[in-house]
Amino acid sequence: MTKNPFINAISATLYITFVALFMFYGNKLFGPKDTILTPIAVLSLFTLSAAVMGYLFLYQPLMLSFEGHKKSAVNLFLQTVGVFAGITALVFVLIFLGVFK
């Protein structure tokens, strides 16, 4: 990842968008399937998402911390979370305003 909190937060938002689109349209593409594979797929996606988000939010801060730049590491992490919080708040405002009806 980068040391740019905007790119990190936007990357997380894009990943979430693709997962949400897949989940929203997946039933239309594949039809409803009630098998043992459904909960396995959901738990696998949850685990993959935790790993991807961990990488997007924590990789560069951890690298900075290991290099001895602890203050920069904390700042990068908090800035990334702050930008992501702003994007999340914007999505909720757009939903509240009914933009996506």
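In what order do the elements of the protein run from the N terminus on? They run α-α-α.

**Figure 1. Overall view of the predicted model.** The protein has three helices and zero strands; helices (H or I, at least four residues) and strands (E, at least two) are DSSP runs numbered from the N terminus. The radius of gyration, taken over C-alpha atoms, is 17 Å, well over the 13 Å that the globule rule gives for 101 residues, so the protein is more spread out than a compact globule. The globule rule is 2.2 Å times the number of residues to the power 0.38. Along the principal axes, the C-alpha atoms fill a box of roughly 50 × 35 × 15 Å. This is a predicted model in which local features need pLDDT of at least 70 and side-chain atom pairs count only at pLDDT 80 or more, while totals for chains, interfaces and linings use all residues. Residues are numbered from 1 along each chain as its sequence is written, and side-chain values use heavy atoms, with hydrogens and water left out.

**Figure 2. Surface and burial.** Of the 101 residues, 19% are buried, where buried means under 20% relative accessible area, exposed over 50%, and partly exposed in between (1.4 Å probe, protein chains only). Contact means heavy atoms within 4.5 Å. Among contacts between residues at least 6 apart in sequence, 68% join residues at least 24 apart.

**Figure 3. The largest nonpolar core.** Nine residues form this core: A9, A12, Y15, V19, M53, L56, F57, V83 and F84. A nonpolar core is a set of buried Ala, Val, Leu, Ile, Met, Phe, Trp, Tyr and Cys residues joined through side-chain atoms within 4.5 Å. Helix 1 (5-30), helix 2 (37-66) and helix 3 (70-96) each supply at least two residues of the core, and helix 1 gives the most, with four. Leaving aside neighbours within four places in sequence, F84 is in contact with A9, A12, T13, I16 and F57.

**Figure 4. Helix 1 and its kink.** The 26 residues of helix 1 should span 38 Å at 1.5 Å a residue, and the end C-alpha atoms are 36 Å apart, which agrees. The expected span is 1.5 Å times one less than the number of residues. A kink of about 40° is centred on F24; the bend at a residue is the angle between axes fitted to the seven residues ending there and the seven starting there. Y25 is also found in helix 1 and is partly exposed, with a relative accessible area of 40%. The buried residues of this helix include P5, N8 and G26, and their cover includes helix 2 and helix 3.

**Figure 5. Helix 2 around L58.** A kink of about 45° lies at L58, shortly before the proline P61. P61 is buried, as are S49, M53, L56, F57, Q60 and L64. What covers the buried residues of helix 2 includes helix 1 and helix 3. Just after helix 2, G68 takes a positive phi of about 95°.

Figure 6. Helix 3 has 27 residues and reaches 39 Å from its first C-alpha to its last, close to the expected 39 Å. Its buried residues are A73, L76, T80, V83 and F84, and these pack against helix 1 and helix 2.
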